[in-house]
Each structure stands twice: as structure tokens, then as C-alpha cells.
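Hi there,

Here is the structure I promised to pass on. Have a look first, and my notes follow below.

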Amino acid sequence: MSIYADVQKGPAIEVFALTQAFKDDSHPNKVNLSVGAYRTDAGVPWVLPVVRKTEISIASDEAQNHEYLPVTGLDTFTTAATELVLGSDSPAIKENRAFGVQTISGTGALRVAADFLHTQLNRNVVYYSNPTWENHHKIFSDAGFTTLKSYRYWDQNKRQLDFKNMVADLDQAPPGAVIILHACAHNPTGIDPTQEQWTELANLLEKKKLFPLFDSAYQGFASGDPDRDAWAVRYFVQRGFELFTCQSFAKNFGLYCERAGNLTVVQKHAATKAAVHSQLTLLIRGQYSNPPAYGARIVSKVLNTPELRKEWMTSIQTMSSRIREMRKALRDKLVALGTPGNWDHIVNQIGMFSYTGLNKNQVDVLINDFHIYLLKTGRINMCGLNTGNIEYVAKAIHAAVT
Ligand code: PMP
């Protein structure tokens, strides 16, 4: 009898299962709208030209070696990442109240954040939006949080933010609860609060003593402007909140597999920094000892070199504007086809994803009859669309809806 005999097989992870099904599908018109990765108009992954150039220069630099990084990562990277999200003129940076630790991309930042909040600050309650990126629940539950609740976010009928109920649900959260907020380009809905709504949320979180944890996986990728995409985080910092921001460089640098991330800590006073930093160091030491250098070196060099940073800014505009073009093209085609319903939400949403509002049956028709792969919630990755397949996808959605 094996010691493993009683291990139960766990459920498949939907997004990876769909990508495998797509790979196994031999249909000539198949389309993958599931996984969250950028594709060019030719339907292929894109290495940002500035990233390619930088990796070549790093690889040919004789002074580089493969020594371990410090436990909390590459300083030039964490400083640049912290400045990117908080703004280089941030009061928290100037007053030495903010710092970053390098993490295993955005997921790792969330996990280190969750572990710190649970073990150091005794937090057990977390609230995330309904719907949200499906990993939020797992990360916080694996970290030992015992009360995992959702707040309403999406109004399926109006296909917009359900702000009134979002506020009503957060108003019920107990003091000290961790509130996960998507910094921009909410995954999966593509709908963000307006600046007025962020202000109202800040009032509520302040009044109820809730802890904001910003998940920032799309800064710059969403609007093409990193400052604009960081508005909410910077507003909360300006209001005097202590908070965490979990940054990913997967999308905005196209460094998915390189796992470059940063956990930014904002405190009220510089005096707590040494202790907080030391506890984060110990947490990381026990988990994986120190982070990988490859992606962090690239991000650091690009963000810290003005000409390279300018090139990066051009690339994020290329990506975000191609997505906007695809949103418009899809909406226009559905309108031209006379597909029942209002499709304006597709252009009103921002970022990589669109929550189409398609139901489970309609999703099944798209997958089974048209070989178009998307999540069962109706979420599609806009980057999977291109001038070569958009007509096919629009007609398939039309057929699924009618
Ligand atoms: N948060 C959100 C909302 C995301 O969409 C993603 C990427 N799918 C992540 C975090 C983290 O991704 P990664 O670990 O690849 O940086």
C-alpha cells in the first residue's frame, strides 16, 4: 500500500485546461481567448523590442554572474518598481515610509503579503470582489486566512460596476479585514471604479479601519500610461493609508515566465520599516530563500535608463491601443450583425479582459461548435483577437446568442 494511495485528485485549473484543449484541437479556425497573455495581430507572443535588446546586453556583459541575489531581491529593481507604482515624487518615498521586496511575480507578492498579514498582524479575514482573479481565494486560504468573503462588483443585467452593493458589502467587513482591490483593469470584468467612487471607497475603508491591498498586475498595460493606471493606489497613499501593493511585471513587460514582481509596503512612519523588512526577509527565506534575477535585471535596467524607459512606454502604448482597436472592432461587428443585446460594455471596459456577459450555454456553443476557447464565466482575453479572426469570432458569438 502506497503512502500516496489516499491522495485525492484535485480539480483542473480551468485556464490551463482550456489552453491544453486549444493546443490539442486541430480545427483550422480555432481561437484561444482564455489565457491572459498578449498576442500580436499575427496571433503570436510578443517579446517587447526593448526587452530583447536589454536581455542581449545583460547576457553579453562580462561583469554579470549567477551569484544569489539578496533575500529581498535586487535593490535597483525594487526601488524602481516602488517608484513606478507610487510615483517618484510620492510623499511616502520621500519620507522613507515606503519600500519594496522582490517577489515571484504578482502571485508571489500576494502570497508573501498574505503570509505577513496572517503571521505578523494576525489577520484572518479577507474580502475580494465577486468575480475576481480565481487565485485570490486560494492564495489567502493557503496562507491560513479563515474568513474569505466576496463583495459584489458586477451587475450582470446592466453589465457594469455594481457600486452600491460593493459599498454595502464592504460596509459589513469587520475592522482590520484585508480588502483586495484591483489597482486598474479589473480581472475579469475590465471595469474599474471612477475617481469619485475610489474616493468614496477610501472614505469607507478609513472609517471602518479596513486594510487596502492593491493587486497591480496591469500598470501601463491598461491605458498605456503608468501614471494614470496607478491613480487609485497613489490616491490612497496621499490619503494617509498604510497599505500593500502587489506588482506584476508579467503583462506590462511581457515577462510572464520570468516571475518579476514586487511587494510594495507603505507605512505611516519610517520607524517601523526595519522590523517589517526583517520579517518579510524571514518569510521569503523560509519559502524560497531568494528570488530569480533574470526578469528583475531587465525591468531594473529598462526603468532606470531614460532612453530604454521611453522605448518601453512606446511598447505599452502599442499593446494597449491594439486592445482598444479590438474592443471597438468586436463591438462594431456585433452591432453590424444585429446581435441581440447591447455590446457597449466591450468598449467601456479596460485592459486585457472583457466580461462579455455570455452565459454558460453560450460559452459551450463557442467552445464545442466553433473551437473558440474562453472561460465559462464568459471572460475573453481581447489580445486573442486579431484582424484575421475577429470576423469569425463575432459571427460565432452572434450564432451562440441567437
Ligand atoms: N493578479 C491579477 C488580477 C492577475 O490577473 C494576475 C495575472 N493573471 C496576477 C495577479 C498575477 O500574475 P503573475 O503571478 O503572473 O504576475
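The end C-alpha atoms of residues 29–397 lie 14 Å apart, and this span is 46% helix and 15% strand. Helices (H or I, at least four residues) and strands (E, at least two) are DSSP runs, numbered from the N terminus. The span is the one that an unreviewed UniProt entry annotates as "domain: Aminotransferase class I/classII large"; UniProt positions are given in the numbering used here, feature names are shortened, and annotations may be inferred rather than shown by experiment.

Please keep in mind that this is a predicted model: local features need pLDDT of at least 70, side-chain atom pairs count only at pLDDT 80 or more, and totals for chains, interfaces and linings use all residues. Residues are numbered from 1 along each chain as its sequence is written. The protein chain has an average pLDDT (the predictor's confidence in each residue, from 0 to 100) of 97, with 100% of the residues at 70 or above. The scores for the model are ipTM 0.99 and pTM 0.96.

Now to the ligand. Among the residues around it are Gly36, Trp133, His182, Asn187, Asp215 and Gly261; a residue counts as near if its C-beta atom, placed from the backbone, lies within 6 Å. By class, this shell has 3 nonpolar, 8 polar and 1 charged residues (Ala, Val, Leu, Ile, Met, Phe, Trp, Tyr, Cys and Pro count as nonpolar, Asp, Glu, Lys and Arg as charged, and the others, Gly among them, as polar). Helix α5 (residues 105–121) gives the largest share of the shell, 3 residues.

A few backbone details may interest you. Most residues other than glycine have a negative phi, and most peptide bonds are trans. Ser105, which is in helix α5, has a positive phi of about 55° although it is not a glycine, and Ser105 also belongs to the ligand's surroundings. The bond joining Asn130 and Pro131 is a cis peptide bond, with omega about 5°; Pro131 sits in the loop between β3 (125–130) and α6 (135–142). Another cis peptide bond runs from Asn187 to Pro188, with omega near 20°, and Pro188 lies in the loop between β7 (178–182) and α8 (195–208).

Happy browsing!
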